[in-house]
Amino acid sequence: MQRFLDPEVLAGISSLDLLAKTVVDGFVAGLHRSPDFGFSQEFAEYRAYSPGDDLRHVDWNLFARTERCYLKRYRGETNSQLTVLLDASNSMQYTSGPPTKMDYARYIAASLFYLAIRNQRDAAGLIVFDDEVREYIRPSTRPGQLARLFAGLEHAEARARTDFAKPMQHFQNFLHRRGIAILISDFYENPETIIDTVAPLRFHGNEVVLFHILDPQEIRPAMKGSMVLVDLETDQRIEVVPEYTKTTYRVKVDAHIEELRSRALGAGMDYQLLVTNQPLDTALREYLTLRQAGN
Amino acid sequence: MGFLAPWFLGGLAALGVPIFVHLLRRHVTTPRPVSSLMFFERGIQSSTRHRRLRYLLLFALRFSLVLVIVLAFANPFVRRVSADANGRLLLIVLDNSFSMRAGARFRDAKQQALELLTKKPHTQKAQIMALGGQLEVLTQPITDEAQLRAALEGIEPGDGHASFGELGRELRTMSESSHSPADMHLFSDMQHSAMPANFADMVMPSNIKLLLHQVAQGDSPPNWTVESVNAPAELSDPKDPKRSRVTAVIAGFNTPAASKTISLVINGKVIASKKVDVPANGRTTVEFSPLDVGYGFSRCEVRIEGGDAFSSDDSSLFAVRRSDPERVLFVHATGDTRSAIYFGAALDAAAHASFALQSVAAEQATDLDPSRFAFVVLSDAVVLPSIFEHALAAYVAKGGSVFIALGTSAAHHERVPLWGSDARDPRDYARSGGAASVGQVDFSYPATEQAEPGRDNGGWATVKVLYAVPVDPAQARVAARLTDGTPLLLEKQMGEGRILLFTSGFDNLTNDLPLHPIFVAFVDRMAHYLSGSEQLSGSRLVDAFVQLRAAAAPVGVSGNVEVIDPDGRRPLSLGEARTIQSFRLQRAGFYQIRFANGRDAVIGVNPDRRESDLAPMSQDLLDLWSGSSSSAPERAPASPSEPQSQPLSLWWYVMLLALLAAMAETGLASRYMSTLREDP
């Protein structure tokens with residue numbers, strides 16, 4: 001089933017629903033022996049009652065025996081809230097071969113939604129943005145939420161430029177409950193600016209994860225000769241020679257990635273570099289790890 | 001500067017290729033989209049500028065490469081004044097023919113040629129030739145003035161007859177192998193008699209410019225000469241009034257009527273003198289008789305006393321050999337008595353030969369030694385004693401001559417003695433009721449030689465041949481044939497000697513030749529030819545050839561020959577004396593020769609009397625020859641090597657530039673096009 005996590009295979013699947021189901025089923029089947037990831041009405045723990053807790057969860061049998069009031073909790077009830085912030089700027093449509101960064105981001109988001117809603121019964125929501133918020137689907141577990149999320153992903157076309165500052169202010173208003181906020185972008189911005197902009201998401205106790213999507217050609221570009229490059233977002237043109245891309249450019253990209261990673265970790269956020277020719281399980285594993293840590 | 005092939009400049013359109021590749025094609029490069037240019041900083045711009053500089057350098061190299069290749073094909077040239085003289089060969093031809101001995105002609109001509117050589121630029125190549133009896137090439141085209149001057153100064157006046165036709169032919173032959181342009185300066189007296197019969201023979205090839213230097217201006221001086229001498233080469237009886245006489249023709253060229261004293265000089269002594277009146281521009285004959293010479297060779301001379309402007313041609317040399325009459329062995333068949341009578345009568349009637357005929361029957365010839373006879377005649381004698389036949393073969397191999405006449409006996413014996421091939425079926429024309437006649441005669445053959453044969457085939461047409469024995473003429477020279485193609489007279493060389501075969505008889509039965517006048521002349525010339533006496537004395541012209549040994553004789557078999565020239569020197573080396581077959585008589589005077597067969601000869605050699613006519617070619621002819629129609633032709637330019645501009649091709653230099661540009665382009669392009677190793 002691992003082959004279904006390969007982006008090149010997934011690029012041939014047009015339905016996001018099927019794609020997400022394929023990815024998640026394949027991913028979960030690979031994790032079936034893990035004791036940490038049971039997903040049933042299985043007992044998990046007792047917790048001392050505190051005022052305001054729902055009395056329906058009090059274990060009355062235990063109270064009768066010990067006259068102490070404990071709440072009985074099950075894993076299946078430890079639901080969370082997942083919000084995916086998807087960068088839909090023009091730079092996300094770059095590709096050196098299928099899939100594009102935008103498609104790859106869609107696969108990841110769809111897989112996360114599927115995993116969250118179907119398997120974890122978590123609420124899931126979507127925010128699509130470029131230099132402003134273009135679509136918002138609030139997190140929910142209602143029936144049909146998954147379909148709405150997939151539709152939102154389908155409609156998310158790359159356009160305009162990336163501007164984290166304006167959309168993030170709106171995010172503050174949308175993210176009331178604590179949960180997991182996953183920001184999927186190629187982060188062509190100054191790392192310090194990115195972190196400063198994204199850091200407020202954590203104020204409500206959100207776990208923030210930065211999924212850095214890059215094409216292999218953006219990390220190790222291959223050029224046979226001098227050519228003119230055009231910026232997808234600004235239309236700026238520049239002539240570049242191969243020697244430069246093989247030397248200075250790589251140093252700069254590596255430095256950028258490393259700075260973004262270190263600043264994200266320093267700000268209490270998780271960072272994951274996802275290259276579009278890598279399988280999707282890295283992203284899913286990151287999500288589950290965070291969710292468990294959040295419980 | 002110009003272009004020898006300017007139409008190749010159309011190739012400059014190819015310059016559009018590098019312009020398109022470097023300057024136009026770059027602007028249509030399809031841009032490659034990238035997510036962001038944030039990592040391509042200002043440093044990229046400077047690198048690109050550096051690249052652009054290299055682009056421009058590469059472009060300049062490619063542009064110049066195409067340019068110089070096109071220029072090379074257009075073949076640019078520059079006009080160089082100094083290089084012109086180097087480009088043209090200076091050809092100096094000095095006439096050293098006999099007529100140049102007249103007055104100061106040769107000295108003046110040589111002086112002018114030396115002056116021309118002095119004015120020659122040091123870098124110009126020159127070649128020296130001498131025009132005498134033949135064109136002698138004395139040097140190769142060289143620039144060494146000392147060598148050229150030595151060659152020019154080494155030329156001495158000769159005795160040959162110059163021919164401008166020969167000069168034209170030689171130079172045309174030379175120009176076929178070398179097309180380089182040349183200026184030919186001819187220093188000559190431009191004698192009219194040197195012109196060939198056909199003017200086209202003396203026309204120079206197109207790459208040779210003829211410049212004439214005439215050393216004898218004005219009318220030719222009056223000149224008397226001994227034009228010809230008719231004297232017997234051999235003499236047996238000085239008192240014979242028919243043979244012992246010398247007849248000389250005295251001619252005058254551009255002369256008034258004058259009285260001249262003519263002397264006959266024998267062995268340095270004036271024997272007789274006669275005074276004759278020579279008409280203006282005319283000829284007269286003088287005769288000396290008897291010719292009283294002693295036994296052996298006598299060196300004779302007919303001389304005009306008193307001298308004139310050209311004294312070198314005032315005498316004519318000839319040698320007379322006095323000897324007892326030579327014997328001729330006539331071997332006939334036993335029953336054949338008629339042929340000896342006819343042959344002997346003809347031999348006695350001969351004017352220039354003195355022979356005594358000894359007639360024997362074939363059976364009686366056993367003890368005879370053929371070497372004691374001038375030649376041997378076998379008349380219908382097909383059966384010979386073997387000893388005599390063997391002695392005959394040895395005699396021929398050593399230089400003797402045999403005449404074989406085949407009579408009716410050959411019908412019974414197929415084998416022809418000495419000849420080497422058998423007789424075929426005899427042709428009996430009488431039996432068929434008719435007779436064959438002589439259809440074809442080689443009048444250049446010595447035995448049948450006639451200068452101007454008449455319409456009756458030189459007298460042979462009326463001869464009726466009734467009987468002939470065909471013989472295979474494998475390697476023999478056929479001198480006469482019958483009308484049906486049957487060979488009548490053949491000659492074969494054997495060793496140093498020769499055999500003549502007459503396929504009919506002398507008996508007046510097989511043919512009626514003995515009754516015809518041509519028979520006497522034929523026997524006379526044949527006897528003269530077979531005895532070899534014609535070579536032993538008399539006179540020749542300068543540049544005539546003397547055959548010293550038989551052509552067919554292998555080297556080393558025969559003995560040495562010896563030639564002593566008029567100065568008493570031996571012109572042949574020891575090696576040449578063993579191998580040489582003929583010798584050219586280059587100088588006037590008496591040559592003493594010993595042939596390979598051991599016979600001695602003294603020959604008087606005289607210059608060609610056409611050289612005595614000193615009249616020059618007319619001005620019109622000279623102008624026509626030098627290719628100039630103007631009244632002042634290029635006959636004596638003040639400075640022969642006046643500087644003239646001449647195109648110097650720059651092809652090699654331009655191609656060298658193209659090579660350098662191609663190498664630089666290859667180096668730069670390979671550096672640029674190479675792919676850097678992938679970083680790990």
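These legends walk through a few close-ups of a predicted model.

**View 1. The largest nonpolar core sits around residues of chain B such as B:Leu500.** This core has 69 residues, and B:Val328, B:Ile404 and B:Leu500 are the ones with the most contacts inside it. Helix H9 of chain B, residues 517–531, gives the most to this core, with 9 residues. Apart from it lies another core, of 60 residues, among them A:Ala105, A:Ala158, A:Val198 and A:Leu210.

**View 2. Here is B:Leu500 with its contacts from elsewhere in the sequence.** Which residues is B:Leu500 in contact with, leaving aside its neighbours within four places in sequence? They are B:Phe403, B:Ile404, B:Ala447, B:Leu489, B:Glu491, B:Met526 and B:Leu530.

**View 3. Strand S27 of chain B, residues 497–502, is mostly covered.** Count the buried residues in S27(B) and you get 6 of 6. In a regular strand, side chains alternate between the two faces of the sheet. In S27(B), B:Gly497, B:Ile499 and B:Leu501 point one way, while B:Arg498, B:Leu500 and B:Phe502 point the other way.

**View 4. S27(B) pairs with strand S20 of chain B and with strand S26 of chain B.** S20(B), residues 401–405, runs parallel to S27(B), and 5 bridges join the two. Look for B:Ala405 standing opposite B:Phe502. S26(B), residues 487–494, pairs with S27(B) in the antiparallel sense over 6 bridges; B:Gln493 has B:Arg498 as its bridge partner. The hairpin of S26(B) and S27(B) has 2 residues between the strands, and B:Gly495 takes a positive phi near 60° there.

**View 5. Two helices of chain B, H4 and H5, pack together.** H4(B) covers residues 105–119 and H5(B) covers residues 145–153; their axes are 10 Å apart, at an angle of about 175°. The two helices are therefore roughly antiparallel to each other. From H4(B) come B:Lys110, B:Ala113, B:Leu114 and B:Leu117, which meet B:Glu145, B:Leu148, B:Arg149 and B:Leu152 in H5(B). By class, this contact has 5 nonpolar, no polar and 3 charged residues.

**View 6. This is where chain B touches chain A.** On the chain B side, 18 residues are in contact with 28 residues of chain A. Strand S2 (32–34) and helix H2 (42–74) of chain B each supply at least two residues of that side, and H2(B) has the largest share, 5 residues. Sorted by class, the chain B side has 9 nonpolar, 6 polar and 3 charged residues. Strand S8 of chain A, residues 227–231, runs parallel to S2(B), with 3 bridges joining them. One pair to spot is A:Asp231 with its bridge partner B:Val34.

Methods: Residues numbered from 1 in each chain as written. Chains lettered and ligands numbered in written order. Predicted model: local features only at pLDDT ≥ 70, side-chain atom pairs only at ≥ 80, totals over all residues. Core = buried A, V, L, I, M, F, W, Y, C linked by C-beta atoms within 7 Å. Buried ≥ 20, exposed ≤ 12 C-beta atoms within 10 Å, placed from the backbone. Helix = DSSP H or I, 4+ residues; strand = E, 2+ residues; numbered from the N terminus. Contact = placed C-beta atoms within 7 Å. Nonpolar A, V, L, I, M, F, W, Y, C, P; charged D, E, K, R; others polar. Pairing = 2+ DSSP bridges. Axes fitted to C-alpha atoms, helices over the stretch in contact; angles between N-to-C directions. Parallel < 35°, antiparallel > 145°, perpendicular 65-115°, else oblique.
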